[in-house]
Amino acid sequence: MRFRIPMGRVAEVMAKGREAWASLGVPLVVHVWVDAQVPRWLAQAVKGALVPQMGASEVVVRDLEDLQATADVSAAQMAIVLAGGSDQLVRSAMVEYATRAVPVSVCAQTSLDVPDASLGPDEAALVRPVIGSLADQLLDGLCAWMLDVSADPVSVAANFVFCREAQTERLIQRCALSNAAVGTVDVLHGADLPIMLANQSKLAFDIAAAHGEGMSASRVAELAAVVCAGLAYRAVSRAITSHVPGLGFVVRGAVGYAGSVATGRALALRFGEDPLGVGESIRSLVGAAPADVQSAAAQAQAASDEGATARRPWAGLLEHAQQVAQGAAQAAREVEARRGAAQAHDVDGTAVVDVVPDDGADADDEPDDGYIVLTPGGATA
């Protein structure tokens, strides 16, 4: 069977690729206002996450008390207020940005630290509290907000590493749902495959851009792999359809969805993500039998070195899997070493364990003095 991809689709895919790469050069300016009473752990969590990776972007951090004197609201695409109890100052920041149509998020440990700004419906829609008592919980909420309010979420993911996995998952689901619809509604028999391949090719470009990767020879290899995978999915779909007459539209939709998800997961793994927790599963196995897992990884690597597949564009996936296994083994050894160090000598038959308190665990209510705050004139405090 001959297969032809319409040139119009090729041009559309390339245009989408250029659009994705163009977002890497778009400046993204984020204003961060720090309440003097913000819990230390919260400020440190946000500080570690908001490190822009693209040279054109900027995160401006200032003391909340200097809001009226230094705020240049119109220059920001979004604003983040780290609240710790200074209600009047937090309220002023919310009003200042929301009334100028700039989305603002108020990050706090409890909802009691988020005051009511008494805004109108339109302005209130631009304000979203992000509440979290744990760093991961807080950053998940902040990530979702940043992706929701940004006009270019791919640019947000490219700039901030902690947003990449969430944006990748959004891209995968959008592509999968689109291809499921295309496969289900078979208006012109055979016309669905070029559309699905175009969607998956766009997905490859978007995921690469979301990880800060521009045009390179690797994109060509990834695109070729996506096309080959799409043809394989079509063969699977037709094989199943031949055994279930009358339900072809269901099979096409299901394969379109599952194939797009599989392609997206492979692309995510290509860029170092682990959306399915594969690394965690390997770490669990290594904790139970590290020698067996390392031996299996070594055998897999040896086999790949002997085969021609090691020279294919996607051979890097195997190398990544081996690195994950080795890292997991090292983590397991460190855990065992710490466990042994924590166990003291028995006293009257009872084991004594020294518990080392978590750094900052007793400093939740301390103001953050580790955040570099920019003051007017460019000096630091």
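Buried means under 20% relative accessible area, exposed means over 50%, and partly exposed is what falls in between (1.4 Å probe, protein chains only). With that in hand, here is a tour of the structure above. This is a predicted model, in which local features need pLDDT of at least 70 and side-chain atom pairs count only at pLDDT 80 or more, while totals for chains, interfaces and linings use all residues. Residues are numbered from 1 along each chain as its sequence is written, and side-chain values use heavy atoms, with hydrogens and water left out.

Let's start with strand β1, residues 29-34. Helices (H or I, at least four residues) and strands (E, at least two) are DSSP runs, numbered from the N terminus. Two strands count as paired if DSSP finds at least two bridges between them. β1 pairs with strand β2 (residues 58-63) in the parallel sense, over six bridges. β1 also runs parallel to strand β3 (residues 78-82), and five bridges join these two.

W33 shows both pairings: its bridge partner in β2 is R62, and its partner in β3 is V81. V30, for its part, stands opposite V59 in β2.

How buried is β1? Six of its six residues are buried, so the strand is largely enclosed by the rest of the structure. In a regular strand the side chains alternate between the two faces of the sheet. Here both faces are covered: V29, H31 and W33 are buried on one side, and V30, V32 and V34 are buried on the other.

**Over the helix and back**

β1, helix α2 (residues 40-49) and β2 make a right-handed β-α-β unit. Right-handed here means that, with the strands pointing away from the viewer, the path from the first strand over the helix to the second runs clockwise. A43 sits in helix α2, and with a relative accessibility of 0% it counts as buried. The C-alpha atoms of A43 and A83 are separated by 9.4 Å, though the two are 40 residues apart along the chain.

**Charged pairs between helices**

A salt bridge is a side-chain nitrogen of Lys or Arg within 4 Å of a carboxyl oxygen of Asp or Glu. By this rule the count comes to seven salt bridges. Here are three of them.

| Pair | N to O distance | Relative accessibility |
|---|---|---|
| E169 and R265 | 2.7 Å | E169 26%, R265 18% |
| R174 and D206 | 3.7 Å | R174 53%, D206 5% |
| E222 and R270 | 3.5 Å | E222 2%, R270 31% |

E169 and R265 form a salt bridge with their closest N and O atoms 2.7 Å apart. E169 lies in helix α8 (residues 164-184) and R265 in helix α11, so this pair ties together parts that are 96 residues apart in sequence. E169 is partly exposed, while R265 is buried.

R174 and D206 meet through their side chains in another salt bridge. R174 is exposed, but D206 is buried.

Then there is the salt bridge of E222 and R270. E222 is buried and R270 is partly exposed.

Which residues are linked in a network of salt bridges? They are R128, D148 and R170.

Most residues other than glycine have a negative phi. A101 has a positive phi of about 65° although it is not a glycine. A101 is in the loop between α4 (87-98) and β4 (104-108), and it is exposed, at 56% relative accessible area. S118 is another such residue, with a positive phi near 55°. S118 lies in the loop between β4 and α5 (121-124) and is exposed too, at 64%.

**Cysteines**

How many disulfides does the structure hold? Zero, where a disulfide is a pair of cysteine sulfur atoms within 2.5 Å. Of the cysteines, C175 is buried at 6% relative accessibility, whereas C228 is exposed at 53%.
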